[in-house]
Amino acid sequence: SEYEDKPKAIVVTNAIPMSNFDDCAACIMAGGVVAWAHDKIPSGKKDRHGFSVQLKKAGGHSVAGRSVRFNPDGCSYDNSWDDDWAQGPNFPDDQPPGSVWMPREWVDDFCRNGDTWGLFGIAGLQPMDPAISTAYLM
């Protein structure tokens, strides 16, 4: 099928294990993308600041984080479904579509209890809009 060759066409030149929020924030600010594999997922319902309101148990899921924010601290959880998955306000207005913010504590939990990597030098993958990595200094 058309999808069988896709994984072979994507190359990551550097994958660095992430151990906490600070590692993830540094990765994103340096132009990388954070990849999480975990048995929990944030709900798609957002509070007034764009943060997920609940962390739910799931059978296992892998997603990317390409944005970081400070005050309050958080990393984006960019879903793999569609832009309508996340419901609620975007904060800031250009928050990536279909994403929620995960607070520092959840990011630390994902890094401690899952499989979290900072990825650099990704070739063969079309960049998403907005730009792949964004840092918001609030």
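Student: Which residues do ring pairs link into a cluster?

Tutor: This is a predicted model. The structure holds four aromatic pairs. Ring pairs join several residues into one cluster: W36, Y77, W85 and F110.

Student: Is W36 buried or exposed?

Tutor: Buried means under 20% relative accessible area. W36 has 1% relative accessibility, so W36 counts as buried.

Student: Why is the pair of F21 and F70 edge-to-face?

Tutor: The ring centres lie 6.1 Å apart. Planes over 60 degrees apart count as edge-to-face. The pair is edge-to-face because its planes stand at 80°.

Student: Which parts does the pair of F21 and F70 tie together?

Tutor: F21 is buried, at 0% relative accessible area. F70 is partly exposed, at 21%. They are 49 residues apart in sequence, and the parts are helix α2 and strand β4.

Student: Which element gives the most to the largest nonpolar core?

Tutor: That core has 21 residues. Elements giving two or more residues include β2 (33-42) and α3 (104-113). The top giver, with five residues, is α2.

Student: Over the ring of which residue does the charged end of R69 sit?

Tutor: The cut-off is 6 Å from the ring centre. The charged end of R69 sits 5.3 Å from the centre of the ring of W101.

How values were computed
Residues numbered from 1 in each chain as written. Predicted model: local features only at pLDDT ≥ 70, side-chain atom pairs only at ≥ 80, totals over all residues. Heavy atoms only, no water. Core = buried A, V, L, I, M, F, W, Y, C linked by side-chain atoms within 4.5 Å. Buried < 20%, exposed > 50% of the residue type's maximum accessible area, 1.4 Å probe, protein only. Helix = DSSP H or I, 4+ residues; strand = E, 2+ residues; numbered from the N terminus. Phe/Tyr/Trp six-rings, centres within 6.5 Å; stacked < 30°, edge-to-face > 60°. Lys NZ or Arg CZ within 6 Å of the ring centre and 35° of its normal.
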